[in-house]
Amino acid sequence: LTQCVVAGGKVLVASVDAHTLHALDAGDGCPVWSYVAGGRIDSAPTVTEGRVLFGSRDGWVYCLRAGDGALAWRYRAAPNEAWLTAFDRLESPWPVFGSVLVHDSVAYVSAGRSSFLDGGMVLYGLDVKTGTVIHRRHLEGPRPDIAKDVGQPYAMRGAKPDLFTFNGTSLSMGPREFKLDLSDHREFDPQGAENWTTSGAHLRSGSGLLDDTWHDRTFWTHGRAWPGRNVFQSAHIAPKTGQILVFDESTVYALKVFFHKHRMSPKHVPGGGYALIADAIGNEPGRNFRRAAPPQWKTLLPLRARGLMLAGDTLFLAGCRDAIPEDDPTAVYEGRTPAVLWAGSTSDGGRIAEQELDAPPVCDGMSAAGGRLYISGIDGT
């Protein structure tokens with residue numbers, strides 16, 4: 001499953017590999033309607049103006065009526081109708097992420113896998129009501145002259161897809177920053193140790209916001225700086241950086257899995273707990289992505305939380321307990337040990353309550369709305 005979206009008395013959640021979007025009653029969970037797309041729906045849909053928008057790995061953008069799930073319009077964002085095999089399924093060479101960013105009735109999506117593959121990527125701004133193209137941008141290359149442009153093993157110009165984020169001024173897709181018409185907001189220099197946005201902070205991930213594999217050199221970060229070359233080795237001490245983040249107007253809360261250091265990489269110690277850290281939202285990283293100021297607070301939790309949610313002055317985390325069975329040492333990492341929902345205070349990270357769960361959530365799989373917490377479990381519930 002994907003994370004849930006709650007709006008208009010309905011819970012909307014996609015069954016990724018079944019290509020199906022489900023609408024459930026928010027009060028009792030009873031099915032209301034469902035819609036089958038032409039490919040995987042890899043992330044939660046977007047609800048706006050009585051409509052439900054989502055992209056699919058078949059290269060199309062879909063818009064449904066929120067009331068009954070009927071198709072209002074769909075648009076083929078892929079440049080051509082073509083197919084390849086990925087994860088044992090047919091997909092377009094130009095897939096579209098499930099989650100669509102909407103601002104001022106314009107839906108922003110990307111189609112493609114890389115600016116260096118299959119003719120590159122296409123970015124769109126579509127009219128929410130009709131699917132009409134308002135903005136379009138083609139990203140291809142640039143390809144270096146390998147006889148001249150040598151000595152750049154850590155960075156390359158170009159683009160790869162990620163979920164769009166918006167900070168009130170500009171759009172961001174990974175390290176790239178765009179104006180609302182999809183023109184460049186600034187030139188990105190991949191060789192810089194840090195690249196600072198001119199429009200303010202963005203939520204970003206070096207490997208993509210949908211990457212749930214949690215390796216030692218991949219992380220989410222919130223700030224004006226894009227992690228440049230070599231700073232991956234400082235992620236364990238950087239502010240507003242972790243495997244998963246939540247934030248409000250004043251504070252960023254980060255769950256750090258790799259907060260030790262082993263030679264050139266951050267390190268995780270099985271059974272050693274997970275760090276939950278609160279930073280002021282203005283605590284930007286200094287040179288080489290290191291801290292310019294200490295955190296507001298830090299606490300260790302015996303919980304491998306795959307879900308993190310901020311609701312008012314309460315933090316909710318859900319996942320498997322950090323216990324390593326001798327006869328099954330990978331169980332906690334594969335979600336096969338007892339799961340728990342944990343609630344803590346935003347003031348100091350102190351425990352408020354906890355409750356056992358039948359299964360841990362999918363990564364980033366919690367939503368809060370109407371005084372309720374909705375959890376998408378790895379068991380399909």
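A charge is taken to sit over a ring if NZ of Lys or CZ of Arg is within 6 Å of the ring centre and within 35 degrees of the ring normal. In this predicted model, Arg 74 lies over the face of Trp 60, at 3.7 Å from the ring centre. A search of the whole structure also finds 16 salt bridges, and the structure holds 8 aromatic pairs.

**Charges over rings**

**Salt bridges**

- Among the 16 salt bridges is the one in which the side chains of Glu 91 and Arg 113 meet, at 3.0 Å from N to O. Because Glu 91 belongs to strand β10 (residues 89-91) and Arg 113 to the loop between β12 (106-111) and β13 (121-127), this pair ties together parts that are 22 residues apart in sequence.
- Arg 321 lies in strand β30 (residues 314-321) and Glu 356 in strand β32 (residues 351-357), so here the parts tied together are 35 residues apart in sequence.
- Arg 321 is partly exposed, its relative accessible area being 27%, and Glu 356 is also partly exposed, at 48%.
- Between Arg 336 and Asp 328 there is a salt bridge whose closest N and O atoms are 2.4 Å apart; Arg 336 counts as partly exposed at 44% relative accessibility, and Asp 328 is partly exposed as well, with a relative accessible area of 25%.
- Salt bridges that share partners join Arg 40, Asp 42, Arg 57, Glu 91 and Arg 113 into one network.

**Aromatic pairs**

- Of the 8 aromatic pairs in the structure, one is formed by Tyr 35 and Phe 54 in an edge-to-face arrangement, with 6.4 Å from centre to centre and 65° between the planes. This pair links distant parts of the chain, 19 residues apart, with Tyr 35 in strand β4 (residues 31-36) and Phe 54 in strand β6 (residues 51-55).
- Both Tyr 35 and Phe 54 are buried.
- Phe 219 and Phe 289 form a tilted aromatic pair, with centres 6.3 Å apart and 40° between the planes. The pair links parts of the chain that are 70 residues apart, as Phe 219 lies in the loop between β19 (202-205) and β20 (220-223), and Phe 289 in the loop between β27 (274-280) and β28 (297-301).
- Both Phe 219 and Phe 289 are buried.
- Ring pairs also link Tyr 35, Phe 54 and Tyr 62 into a cluster.

**An open sheet**

- An open sheet is formed by 4 strands in the order β1-β2-β3-β4, with antiparallel pairing. Strands β1 (5-7) and β4 stand at the edges with a single partner strand each, so one side of each is left without a neighbour in the sheet.
- From one strand to the next, the twist of this sheet averages 20°.
- Strand β3 (residues 20-25) pairs with β4 in the antiparallel sense over 5 bridges, and the bridge partner of His 22 in β4 is Ser 34.

How values were computed
Residues numbered from 1 in each chain as written. Predicted model: local features only at pLDDT ≥ 70, side-chain atom pairs only at ≥ 80, totals over all residues. Heavy atoms only, no water. Salt bridge = Lys/Arg side-chain N within 4 Å of Asp/Glu carboxyl O. Helix = DSSP H or I, 4+ residues; strand = E, 2+ residues; numbered from the N terminus. Buried < 20%, exposed > 50% of the residue type's maximum accessible area, 1.4 Å probe, protein only. Phe/Tyr/Trp six-rings, centres within 6.5 Å; stacked < 30°, edge-to-face > 60°. Pairing = 2+ DSSP bridges. Axes fitted to C-alpha atoms, helices over the stretch in contact; angles between N-to-C directions.
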